[in-house]
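Let us walk through this structure together, one neighbourhood at a time. Please keep the sequence and the 3D view open as you read.

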Amino acid sequence: MCLGIPGQITAITDPTRMMAMAEVSGVRREVNVAPIVTGALEDVIGKWALIHVGFAMAEIDEDEAEKTLEALRHLGEAQEELEAMAAGAAALEV
Amino acid sequence: MKYADEFRDPIAARAALDAIARVCDQIGATAENPVRIMEICGGHTHAIFRYGLDKLTHPGIEFIHGPGCPVCVLPMSRVDECVQLAEQPNVIFTTFGDAMRVPGTRKSLLQAKADGADIRMVYSPLDALELARRNPDKEVIFFGLGFETTTPSTALSIQQASREDLTNFTVFCNHITVPPPIKALLDDPFMKLDGFVGPGHVSMVIGTHPYDFIADDYGKPIVVAGFEPLDLLQSVLMVLEQIRDGKAVVQNQYARVVPEHGNPVSIAAINVVYEQRPSFEWRGLGEIDHSGLRIREQYKAFDAEEKFGIGYATGTRSVQEPEGCECGAVMTGRMKPTQCPMFGKGCTPEMPLGALMVSSEGACAAYYQYGGARAVEPAE
Ligand code: SF4
């Protein structure tokens, strides 16, 4: 929850709510991109960001994204984040 | 070298370990008279144990594990209030999974769920918002937990709920801030700390200036660090070099993610939605002035404490710890986890008694998972 996970923004899904689709280790998840928007909303498409509890909190470069993911895998935190995302999706359906 | 395959760049790690050993010798740090460095963030605690950095570094360094694990410092009374909120009729109580197993006086959220309360593990407050939209006839409460890293997410979610005029979404706010407990620890006459490794992702939000007081007022070095093992080694080295050179400044080892002034959007959202509480209770540390946040008047409709009349809204509170638990002593560095009589007996990750055993970022859980079991060559 505190370490977050890197993801790549692939598309804007809801401009009024600042929501975008992110791809996180092969998992797609809608995230809020407000913290990393500095100009036009569309500019975030293609960018990498550290994603914390559903919010893109900091823009990072691709190399940093890769290294961070590797570190998270070693700590077992990458799996935990992905499981939390799946649990979140499941919670909506109950 | 056993650790070689663990590090992405073993040569750089070796060089950093050697440099750390050199500076330790220069300042005369020994196992008997160590330099005491606190890593504030629980993510760092986890990484230090995962990579055995406490054993690989020069014996003249003692790592003191700081209070930066939100689950670990969550007081029992707040867990009890979560259970109380969740057990009301017509409520969907949503929480990060990390908080499910934290023991309360009566039960944990996990036990409350087993007993029939509608408690759902979510990944994000956005999931809780969506649940509120889909269940207009239910009260959806989100358990807002965490330091400055997660605080913007609940602030932005509350603002979104406000824009949508959602009337069935509230946040039970337990957000806390990093600087006040550090100040409390520095003011503690029994606490001897020589320097700090500062949290990376909290600083990504708030920047590095909130730590200026550590250097300016208390004369201690602090280096904001990433959580890769090499980041940590470099940061420890930077702290040691400051000590050797008689300096005390705030340095940023993690500048590739942490801007000096933080994230303006997140800071603005925090300031608009939240204000400081006069004080807030920390497990093991007691009440600390101005260390917690509450929802401002303007967003009162989204404050679960106000709406359901619990928590600080109800007045006096008692500080309790489970019997036999030494979490407070461990949290303040007075005791190592293994010195707690409950460690590994009455308290294990499967059946935690104290909160430090619940999260992988807690010192006790990290000791239990990686501690004695790890065969690592000591640094020569
Ligand atoms: S072993 Fe358990 S009870 Fe003892 S300090 Fe650690 S978490 Fe607390």
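Phe280(B) is buried, with a relative accessible area of 3%; here buried means under 20% relative accessible area, exposed means over 50%, and partly exposed is in between, using a 1.4 Å probe and protein chains only. The model you are looking at is predicted, so local features need pLDDT of at least 70 and side-chain atom pairs count only at pLDDT 80 or more, whereas totals for chains, interfaces and linings use all residues. Residues are numbered from 1 along each chain as its sequence is written, chains are lettered from A and ligands numbered from 1 in the order in which they are written, and side-chain values use heavy atoms, with hydrogens and water left out.

Over all chains, the structure holds eight aromatic pairs. Rings of Phe, Tyr and Trp (its six-membered ring) pair if their centres lie within 6.5 Å, and planes under 30 degrees apart count as stacked, over 60 as edge-to-face and the rest as tilted. Phe280(B) and Tyr312(B) make a stacked pair, because their ring centres are 5.4 Å apart and their planes are at 20°. Phe280(B) sits in strand β11 (residues 279-282) of chain B, while Tyr312(B) belongs to the loop between α13 (304-308) and α14 (327-331) of chain B, so the pair ties together parts that are 32 residues apart in sequence. These helices (H or I, at least four residues) and strands (E, at least two) are DSSP runs, numbered from the N terminus.

Chain B has other aromatic features to look at. Phe93(B), Phe143(B) and Phe172(B) form one aromatic cluster. Elsewhere, Arg50(B) lies over the face of Tyr51(B), at 5.3 Å from the ring centre; a charge sits over a ring if NZ of Lys or CZ of Arg is within 6 Å of the ring centre and within 35 degrees of the ring normal.

Now for the helices. Two packed helices are described by the angle between their axes and the distance between the axes. Axes are lines fitted to C-alpha atoms, for helices over the stretch in contact, and angles run from 0 to 180 degrees between N-to-C directions. In chain B, the axes of helix α6 (residues 125-134) and helix α7 (residues 151-163) come within 9 Å and cross at roughly 25°. That makes α6(B) roughly parallel to α7(B), given that angles under 35 degrees count as roughly parallel, over 145 as roughly antiparallel, 65 to 115 as roughly perpendicular and the rest as oblique. The crossing of α6(B) and α7(B) is right-handed; a crossing is left-handed if the near helix is turned anticlockwise from the far one by less than a right angle, and right-handed if clockwise. Within helix α7 of chain B you will find Ala161(B), which is buried at 0% relative accessible area. Its C-alpha atom is separated by 9.5 Å from that of Arg133(B), 28 residues apart along the chain.

What is the handedness of the crossing of α1(B) and α11(B)? It is left-handed. Here α1(B) and helix α11 (residues 229-244) of chain B pack at an angle of about 20°, with their axes 9 Å apart, and are therefore roughly parallel to each other. Ile27(B) is in helix α1 of chain B and is partly exposed, at 28% relative accessibility. Ile27(B) and Asp245(B) are 218 residues apart in sequence and 9.4 Å apart in space, C-alpha to C-alpha.

Arg120(B), in strand β4 (residues 119-121) of chain B, is buried at 8%, and a polar atom of its side chain lies 2.9 Å from the backbone oxygen of Ala91(A). Thr57(B), in the loop between α3 (53-56) and β2 (61-68) of chain B, is buried at 2%, with a polar side-chain atom 2.6 Å from the backbone oxygen of Leu53(B).

Finally, turn to the backbone. Most residues other than glycine have a negative phi. Ser25(A), in the loop between β2 (19-24) and β3 (27-32) of chain A, has a positive phi of about 50°. Asp165(B), in the loop between α7 and β6 (169-175) of chain B, has a positive phi near 55° and is exposed at 61% relative accessibility.

How values were computed. Polar contact = N/O pair within 3.5 Å; in protein donor to acceptor, adjacent residues only side chain to side chain.
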